[in-house]
Amino acid sequence: MTQKSKIYFISGIVVFSLGLIIGLFLWTGSVWADLEGYMFQPATHAEKSEFYLDCPNLITKSDFGIISIGIENEYDKDVRKLVRGYKSLGYLIYVASDETSLDLKPGESEVMHWYIYPEDAAWNRFILFRVNIISSRGVGLTTASCGVMLINVPFLKSNEFFLLALLLASLLIGLGIFLVYKSSMMQERKNFYFERLMSAITGVTIIGLLLAFFGQWMAAGLILVGMYLFLVVIISHYLQK
């Protein structure tokens, strides 16, 4: 390996690793937040809600977020639904709750909203939320939960930080793979082993992030554990060389 190709290779690995760290931070934070949300104010004997609980992935110190759920009457008769929302208030022992009764005609729907703020975060890290729905028809009690990661960045809005982090991670990962590719071309190495490995890691990270961002935290968590184990094996292998 020539000196120039070595510089390209090492620079590519370092830049790629920085982008991967950002992706893993978002992925891990999202899964961890939803796991904490799942354990928050557990509802005994409740089934998973058929309605989607829409939660932001994160909020920053200078912003607020909105959690919402759309509730619909899917029956051909009037239905009464009692909606109870629970939100952390800085500590697990402090919980804000509210209760709303909805009388819905057949086919009618209603969207419920709850506002969350940085000071609501338990351990100054996660805002935890749960909604229980008691229905006069069908399954008596259903529940849904989520967690929202708090980012200690006071000068950016939540969407700005989220998009900036994704953009920066994408640029760093792409640049890292390109630099390693340049190194391979200088050495006339045609198997592109490192480029394929980095691309595979990137692909798995994208899948994990998508699952986490769309609320499939259990699947995202299992893949995340596998990713960390794989990275440990890869790093250990090359450190022993």
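Reader: Why does Cys-146 count as buried?

Author: Cys-146 has a relative accessibility of 5%. Buried means under 20% relative accessible area, exposed over 50%, and partly exposed in between (1.4 Å probe, protein chains only). The value of 5% therefore puts Cys-146 in the buried class. This is a predicted model, in which local features need pLDDT of at least 70 and side-chain atom pairs count only at pLDDT 80 or more, while totals for chains, interfaces and linings use all residues. Residues are numbered from 1 along each chain as its sequence is written, and side-chain values use heavy atoms, with hydrogens and water left out.

Reader: What makes Cys-55 and Cys-146 a disulfide?

Author: Their sulfur atoms are 2.0 Å apart. A disulfide is a pair of cysteine sulfur atoms within 2.5 Å, so the pair qualifies. A search of the whole structure finds 1 disulfide. Cys-55 lies in the loop between strand S2 (53-54) and strand S3 (58-60) and Cys-146 in strand S9 (residues 141-151), so the bond ties together parts 91 residues apart in sequence. Strands here are DSSP runs of E with at least two residues, and helices are runs of H or I with at least four, numbered from the N terminus.

Reader: Why is the disulfide of Cys-55 and Cys-146 called left-handed?

Author: The torsion about the S-S bond is about -80°, so the disulfide is left-handed. Cys-55, at 16% relative accessibility, also counts as buried.

Reader: How many salt bridges are found in the whole structure?

Author: The search finds 3. A salt bridge needs a side-chain nitrogen of Lys or Arg within 4 Å of a carboxyl oxygen of Asp or Glu. Arg-84 and Glu-99 form a salt bridge, with their closest N and O atoms 2.6 Å apart. Arg-84 is in strand S5 and Glu-99 in strand S6, so this pair ties together parts 15 residues apart in sequence.

Reader: Are Arg-80 and Arg-84 buried or partly exposed, and how do you know?

Author: Arg-80 has a relative accessibility of 49%, so Arg-80 counts as partly exposed. Arg-84, at 28%, counts as partly exposed too.

Reader: What makes Lys-87 and Asp-120 a salt bridge?

Author: Their closest N and O atoms are 3.2 Å apart, so the distance falls within the limit. Lys-87 lies in strand S5 and Asp-120 in the loop between strand S7 (109-116) and strand S8 (126-135), so the pair ties together parts 33 residues apart in sequence. Lys-87 is buried, at 13% relative accessible area, and Asp-120 is buried, at 4%.

Reader: What backbone atom does the side chain of Lys-87 reach?

Author: The side chain of Lys-87 reaches the backbone oxygen of Tyr-115 at 3.1 Å. Leaving aside neighbours within four places in sequence, Lys-87 is in contact (heavy atoms within 4.5 Å) with residues including Phe-40, Tyr-94, Ile-127 and Phe-129.

Reader: How do you know that the length of helix H2 is close to the expected one?

Author: Helix H2 (residues 158-187) has 30 residues and reaches 44 Å from its first C-alpha to its last. The expected span is 1.5 Å times one less than the number of residues, and for H2 that expected value is 44 Å. Just after H2, Glu-188 takes a positive phi of about 55°.

Conventions: A polar contact is a pair of N or O atoms within 3.5 Å; within protein, one must be able to donate a hydrogen and the other to accept it, and residues adjacent in sequence count only if both atoms are side-chain atoms.
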